[in-house]
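Welcome! Here is a short briefing to read with the model open beside you.

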Amino acid sequence: MTDHKSPPDGQPLIALYQPDIPGNTGTILRMGACLNLPVAVIGPAGFDLSDRALKRSGMDYLEMASLARFDDWAAFDDWRKAEGRRLVLLTTKAEKSYHAFDWRRDDIALFGRESAGVPDDVHEAADERLTIPMRDGARSLNLAVSAAMMAGEMARQFALDGRSA
């Protein structure tokens, strides 16, 4: 793990697999900061994810955000297995709806890259796979919108108030 911050224990976590679009990641980090929901980024990202670059891009909530950065999938997967956390992949290739799922406080909601999702080995590593139901013919939602929907469902199920998780 390259970051000095480890994701907190006992809190749900949003994880982004090799994100491509800095604006989406920034939006998700801001949402995480406001809701007191930690975020992990699994590298390599398609952009500079240093604190300096994030601050330069206007990520004014960076000091409030709980951000953990992992060099690659192997480092992240080793960490989450050691922590005993359940990995819940959000994917268009699932049948089960995200709102028909009982989240646990230590779950990790994993989102794939905007351009390609996740590779097969990451898909297979997931303990659960969920989808956001959409009308026929719709391909997918924006990553930040999808993450916000998951965060809202977690907040509803856990009665999160943004002050403590």
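## Starting with a helix

Helices (H or I, at least four residues) and strands (E, at least two) are DSSP runs, numbered from the N terminus.

Please keep in mind that this is a predicted model, where local features need pLDDT of at least 70, side-chain atom pairs count only at pLDDT 80 or more, and totals for chains, interfaces and linings use all residues. Residues are numbered from 1 along each chain as its sequence is written, and side-chain values use heavy atoms, leaving out hydrogens and water.

**The overall plan**

- The protein has 5 helices and 6 strands.
- From the N terminus on, these elements run β-α-β-α-β-α-β-β-α-β-α.
- Of the 165 residues, 47% count as buried; buried means under 20% relative accessible area, exposed means over 50%, and partly exposed lies in between (1.4 Å probe, protein chains only).
- Among contacts between residues at least 6 apart in sequence, 75% join residues at least 24 apart; a contact means heavy atoms within 4.5 Å.

**More on helix 5**

- The buried residues of helix 5 are Leu 143, Ala 144, Ser 146, Ala 147, Met 150, Ala 151, Glu 153, Met 154 and Phe 158.
- Those buried residues pack against strand 1, helix 1, strand 4 (87–90) and strand 5.
- At the start of helix 5, a side-chain oxygen of Asn 142 reaches to within 2.8 Å of the backbone nitrogen of Ala 144.
- Just after helix 5, Ala 159 takes a positive phi of about 55°.

- Is strand 1 (residues 13–17) enclosed or open? With 5 of its 5 residues buried, strand 1 is largely enclosed by the rest of the structure.
- Both faces of strand 1 are covered, with Leu 13, Ala 15 and Tyr 17 buried on one side and Ile 14 and Leu 16 buried on the other.
- Strand 1 pairs in the parallel sense with strand 5 (residues 108–111) over 4 bridges; two strands pair if DSSP finds at least two bridges between them.
- Within that pairing, Ala 109 of strand 5 is the bridge partner of Ile 14.
- Strand 1 is also joined by 4 bridges to strand 2 (residues 39–42), and these two run parallel.
- There, Leu 16 stands opposite Val 41 of strand 2.
- Strand 1, helix 1 (residues 22–35) and strand 2 make a right-handed β-α-β unit; right-handed means that, with the strands pointing away from the viewer, the path from the first strand over the helix to the second runs clockwise.

**The nonpolar cores**

- A nonpolar core is a set of buried Ala, Val, Leu, Ile, Met, Phe, Trp, Tyr and Cys residues joined through side-chain atoms within 4.5 Å.
- Of the 29 residues in the largest nonpolar core, Ile 14, Leu 16, Ile 28, Leu 90, Trp 103 and Phe 111 touch the most other members.
- Strand 1, helix 1, strand 2, strand 4, strand 5 and helix 5 each supply at least two residues of this core.
- The largest share of this core, 7 residues, comes from helix 5.
- Apart from this core lies another, of 17 residues, among them Ala 15, Ala 68, Phe 70 and Ala 126.

- Most residues other than glycine have a negative phi, and most peptide bonds are trans.
- Gln 18, in the loop between strand 1 and helix 1, has a positive phi near 45°.
- Gln 18 counts as buried because its relative accessibility is 13%.
- Asn 36, in the loop between helix 1 and strand 2, has a positive phi near 60°.
- Asn 36 is partly exposed, with a relative accessible area of 29%.
- A cis peptide bond with omega of about 0° joins Gly 43 and Pro 44, and Pro 44 lies in the loop between strand 2 and helix 2 (51–56).

**A look at Glu 128**

- Glu 128 lies in strand 6 (residues 128–130) and, at 23% relative accessibility, counts as partly exposed.
- The C-alpha atoms of Glu 128 and Val 88 are separated by 4.7 Å, while the two residues are 40 apart along the chain.

Notes. A polar contact is a pair of N or O atoms within 3.5 Å; within protein, one must be able to donate a hydrogen and the other to accept it, and residues adjacent in sequence count only if both atoms are side-chain atoms.
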